Amino acid sequence: MFELMPFERSGNSIFNYLDNLEKNFFGDLSTDVSQFRTDVIERDDHYELKADLPGFKREDISVDLDNDVLRISAEHKEENEEKDDREKYVRRERRYGKFVRSFDMTGIDTDNIEAAYDNGVLTLKLPKEKEVIPEKKQIEVK
């Protein structure tokens, strides 16, 4: 029964206090850069893949296909500066993030994939391969 209960540190633990102190001072670094989320919708003749990439420019995004593996990558570099009246840095932050996701393209007509990027959403139209139905033949018996 005890293995079904989640392990948690006590709310009054020194570890929680230090974790919260760090997050309050530096910010929660795990949530600073948005996560790379995707939705896949099945349509009659194609799949539609939508990837949330807010804050990226079109030229920061790369979509590559290699041996039936589609790879979407986005690289983001941001610099913020705040200076005082004597042009000395009061605060300077640099942030860098690179996200990569791969998808299996088995059953997709990879020659006709279309991509568009609008308002932070990358949309890929992934046409389904046409089903090949073997031709029925009659073989003459001699």
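**Close-up views of a predicted model**

**View A. The side chain of Thr 38 makes a polar contact with the side chain of Arg 101, at 3.5 Å.** A polar contact is a pair of N or O atoms within 3.5 Å, where within protein one must be able to donate a hydrogen and the other to accept it, and where residues adjacent in sequence count only if both atoms are side-chain atoms. The model is predicted, so that local features need pLDDT of at least 70 and side-chain atom pairs count only at pLDDT 80 or more, while totals for chains, interfaces and linings use all residues. Residues are numbered from 1 along each chain as its sequence is written, and side-chain values use heavy atoms, with hydrogens and water left out. Thr 38 has its place in strand E1, strands (E, at least two residues) and helices (H or I, at least four) being DSSP runs numbered from the N terminus. When residues up to four places away in sequence are not counted, Thr 38 touches Leu 49, Lys 50, Ala 51, Arg 101 and Phe 103, contact meaning heavy atoms within 4.5 Å.

**View B. An open sheet is formed by four strands in the order E1-E2-E7-E6, with antiparallel pairing.** Strand E1 (37-42) and E6 stand at the edges with a single partner strand each, and therefore one side of each is left without a neighbour in the sheet. From one strand to the next, the twist averages 15°, with axes taken as lines fitted to C-alpha atoms (for helices over the stretch in contact) and angles running from 0 to 180 degrees between N-to-C directions. Two strands pair if DSSP finds at least two bridges between them. E1 and strand E2 (residues 46-52) run antiparallel and are joined by six bridges, and a hairpin of three residues leads from E1 to E2. Within this pairing, Ile 41 has Glu 48 of E2 as its bridge partner.

**View C. Strand E6 (residues 114-118) and strand E7 (residues 121-127) run antiparallel, joined by five bridges.** Tyr 117 has Leu 122 in E7 as its bridge partner, and Ala 116 stands opposite Thr 123 in E7. The hairpin of E6 and E7 has two residues between the strands, and in this hairpin Asn 119 takes a positive phi near 50°. Gly 120 also lies in the loop between E6 and E7, and is buried, with a relative accessible area of 13% (buried means under 20% relative accessible area, exposed over 50% and partly exposed in between, with a 1.4 Å probe and protein chains only). Leaving aside neighbours within four places in sequence, Gly 120 is in contact with Ala 51, Asp 52, Leu 53 and Pro 54. Although Gly 120 and Phe 56 are 64 residues apart in sequence, their C-alpha atoms are 6.8 Å apart in space.

**View D. The rings of Phe 56 and Phe 99 form an edge-to-face pair, because their centres are 6.3 Å apart and their planes stand at 85°.** Rings of Phe, Tyr and Trp (its six-membered ring) pair if their centres lie within 6.5 Å, and planes under 30 degrees apart count as stacked, over 60 as edge-to-face and the rest as tilted; by this rule the count comes to one aromatic pair. Phe 56 lies in the loop between E2 and E3, whereas Phe 99 belongs to strand E5 (residues 89-104), so the pair ties together parts that are 43 residues apart in sequence. Both Phe 56 and Phe 99 are buried.

**View E. Lys 128 lies over the face of Tyr 47, at 5.0 Å from the ring centre.** A charge sits over a ring if NZ of Lys or CZ of Arg is within 6 Å of the ring centre and within 35 degrees of the ring normal.

**View F. Asn 67 is placed in the loop between strand E3 (61-66) and strand E4 (69-83), and Asp 68 has its place in the loop between E3 and E4 as well.** Although Asn 67 is not a glycine, this residue has a positive phi of about 50°, and Asp 68, likewise not a glycine, has a positive phi of about 60°. Asn 67 is exposed, with a relative accessible area of 70%, whereas Asp 68 is partly exposed, at 39%.

**View G. Asp 111 is found in the loop between E5 and E6.** Asp 111 is exposed, with a relative accessible area of 71%. From Asp 111 to Pro 127, the separation is 16 residues in sequence and 9.0 Å in space, C-alpha to C-alpha.
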